[in-house]
Amino acid sequence: MAKTTVKKFNKEAFKKEVINNVKTLYRKNLEEASEQQIFQGVCYAVKDTIIENWMNTQKAYEEKDPKTVYYLSMEFLMGRALGNSLINLKEYKEVAAALDELGVNIDQVEDQERDPALGNGGLGRLAACFLDSLATLGYSAYGCGIRYRYGMFKQEIRDGYQVEVPDNWLKDGYPFELKRPEYAKIVKFGGNVRVDTDEFGEHHFSQENYQSVQAIPYDLPIVGYGNGIVNALRIWDAQPVECFSLDSFDKGDYRMAVEQENLARNICEVLYPNDNHYAGKELRLKQQYFFISASIQEAVEKYMRNHKDIHKLPEKVVFQLNDTHPTVTVAELMRILMDDYNIGWDAAWAITTKTCAYTNHTIMSEALEKWPIELFSRLLPRIYQIIEEINRRFIEQIRAKYPGNEEKVRKMAIIYDGQVKMAHLAICAGFSVNGVARLHTEILKNQELKDFYEMMPEKFNNKTNGITQRRFLLHGNPLLADWVTAHVGADWITNLPAISKLKVYADDEKAQQEFLNIKYQNKVRLAAYILEHNGIEVDPRSIFDVQVKRLHEYKRQLLNILHIMHLYNKIKENPDMDFYPRTFIFGAKAAAGYRNAKLTIKLITSVANVINNDPSINGKIKVVFIEDYRVSNAEWIFAAADVSEQISTASKEASGTGNMKFMLNGAITLGTMDGANVEIVEEVGEENAFIFGLSSEEVIKYENFGGYNPTEIFNNDPDVRKVLMQLINGTFSRNDPDRFRDLYNSLLNTQSTAKADTYFILKDFKAYALAQERVGEAYKDEKNWAKMAILNIGSCGKFSSDRTIQEYVEDIWHLDKVTL
């Protein structure tokens, strides 16, 4: 194939196309069109370039036949596509100039794009970064997920409480998606399995009396940086196999008439439906099987369109399971190979175990999915049969390796105690099992998955997470990006370790001032956002201390807000104390059914309401909770942060990637030695971070052997006692003093025999307060703070998702690089 030449951007042609798109789509000229209509017109103009590159990419893949990775994930937190696509097309500034000539501001155009509601937390954002890196590095890849209509939820804060409302991101249509009905698949649920025996005595299995839905794929383009490559995120929508049963309707059976429609609609309605009840669990399992079955069917069919021997599938296809949600891949691939291609068990298992690889993202047992046998076998009868046989054979292997050791069987079996254990299935069948930070992988090997590691150590490896610098610096912080490029060149955009050249400027007073000025401008930008959305005036000269991430007790937003209460108490007692003004910024969504997480949000907003409206403290502290935290506002938040709060209980955070985004933008880490913080400190030096708290070894020792009593701290530390009493004496809830009783009980647990302060908040409180004092002192030395920040930026080269993906390619996937 001849080398593809990249077409030069034609400003006049682009302007004309935007005008024509608005006219064709809306029968309006540019002056009459709304901002949303102009956004759509711009997107379709940009999409034309993307489609051309996409077609060239597919031609190259067809000709060169590279191995393809299918990255299977329940969520992809993509962020807005327009700006990121323009950055990667290397046309952002040119398009901005063209729009300016049309009297259109590119920032206002970008603000019209709703963040695709396809993900929630770090798991989904990591998947998005990986897709960006795969395209930029020139590897053939598909992301595979679900086209959620309403995402997890759009967060609104009403009277200080989180309220979940539908995130209707598709309301105006999504210009970048491409419907691919020609690749529709049928996915079956329920019914029974019929077994037929042929004349050779071979058994053949088929599913009967099932309900089915049609899976329709939509492809979203993933644009590589400056290389013409465009890969696809394939998200599946569910539609009824028959749109509407008029016959049932005419006979008066209205329920049957719409049953298939309801089944299809429910599957793609929301991400992570509340599974505190049986119906929620059933829907989650349906979602997982739905997108996995459709994705695996299409991957195998795509392979067979160009190859004859199904046994060689592992040479051209690899499935990466992003956590336990996609683990049903193992049994679905076995089903397709045996039932659709008539391959025997041993050959099918050999193919499957060379094709599936598993990433573990958590040591939290609650996230290692387990399904009740009754639910699983009823909903997926054939899949359950296959897992039963995998389990039977795996138990034989365990007993052969450890004769007489039934404790090993209890700990390692895939089906046990009435449950199907998905992590165990993934480890048993996967040829690779990786953690996502060095500490996390060691904990898996030595604690959580110790038995599996002892039996099959060759499978285990570490791949420390990374982020894409193109979105989180080049697009999210253009002032800093231009400054970095001016000092060290543009290599960092595709080779982040090149940013280390910036370290030589750490002691340069001119560079320090330039950096501080850029940080100040970014703080002014965020302060304007906060004033517009929260109605709170914050001082850009104060320390912006930021904790933005999914709300979970182990991430310890509660420790942060308790400390803010403590600071408020100190200032009230001593108004003239030496204190550098702070703006504490939170952003987080709590799962809809997670009571203590939602109550923590109410505590943060209640404390904010009291502190922000207390004139006696002269604005020394401000507290802000940013509503509906998402990728698009995260880019502004990272750019403006001075302090990066990474304060999870040591041993609980698998990696974290927010810590890397803050570091890339020149914020200093305040954190525990947990997850990737350990490696961040290794890179930048402990003197350029603020580290505190228990180590992971100390936490694990307390958990295994006891010896921690939070009541002792409560009794002996008057500062701790005061803030805890304020949870139940109405200081921050005058009309309902008992409002935060559950948070108080979770720390001291005076009401039950359950374990108190599971995440060691009180144990780490004093160390955290002292670390915060060090932050205040350090910030006063402007030059040294700038030096620390520049060293953080210069030391973040390791934490690019480009490096992570290259490690996956070399150690796990063995893909072939494609150039156009």
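Biologist: Asp132 first: buried or exposed?

Modeller: Asp132 is buried, at a relative accessible area of 5%. Buried means under 20% relative accessible area, exposed over 50%, and partly exposed in between, using a 1.4 Å probe and protein chains only.

Biologist: Before we go on, what are we working with?

Modeller: This is a predicted model, where local features need pLDDT of at least 70 and side-chain atom pairs count only at pLDDT 80 or more, while totals for chains, interfaces and linings use all residues. Residues are numbered from 1 along each chain as its sequence is written, and side-chain values use heavy atoms, with hydrogens and water left out.

Biologist: OK. Which residue forms a salt bridge with Asp132?

Modeller: Arg470 does, and the closest N and O atoms are 2.8 Å apart. Arg470 sits in helix H19 (residues 469-475) and Asp132 in helix H6 (residues 122-137), so the pair ties together parts 338 residues apart in sequence. Arg470 is buried too, at 0% relative accessible area. For the terms, a salt bridge is a side-chain nitrogen of Lys or Arg within 4 Å of a carboxyl oxygen of Asp or Glu. Helices (H or I, at least four residues) and strands (E, at least two) are DSSP runs numbered from the N terminus.

Biologist: How many salt bridges are there in the whole structure?

Modeller: The search finds 63. Arg147, Arg149, Glu177, Asp237, Arg265 and Glu269 are linked in a salt-bridge network.

Biologist: Which residues make the contact?

Modeller: From H6, Cys129, Phe130, Ser133, Leu134 and Leu137; from H33, Ser801, Asp802, Thr804, Ile805, Gln806, Tyr808 and Trp813. Contact means heavy atoms within 4.5 Å.

Biologist: Switching to sheets. What is the strand order in the open sheet of 6?

Modeller: E20-E19-E18-E21-E22-E23, with parallel pairing. Strand E20 (621-625) and strand E23 (690-691) are the edge strands, each pairing on one side only. Two strands pair if DSSP finds at least two bridges between them.

Biologist: How many bridges join E19 to E20?

Modeller: 5, between E20 and strand E19 (residues 582-587), running parallel. The bridge partner of Thr583 is Lys622 in E20.

Biologist: And the open sheet of 3 strands, what's its order?

Modeller: E13-E15-E14, and the pairing is antiparallel. Its edge strands are E13 (370-372) and E14 (415-416). Helix H16 (residues 422-429) packs on that sheet, touching E13 and E15, with its direction at about 45 degrees to that of E15.

Key: Axes fitted to C-alpha atoms, helices over the stretch in contact; angles between N-to-C directions.
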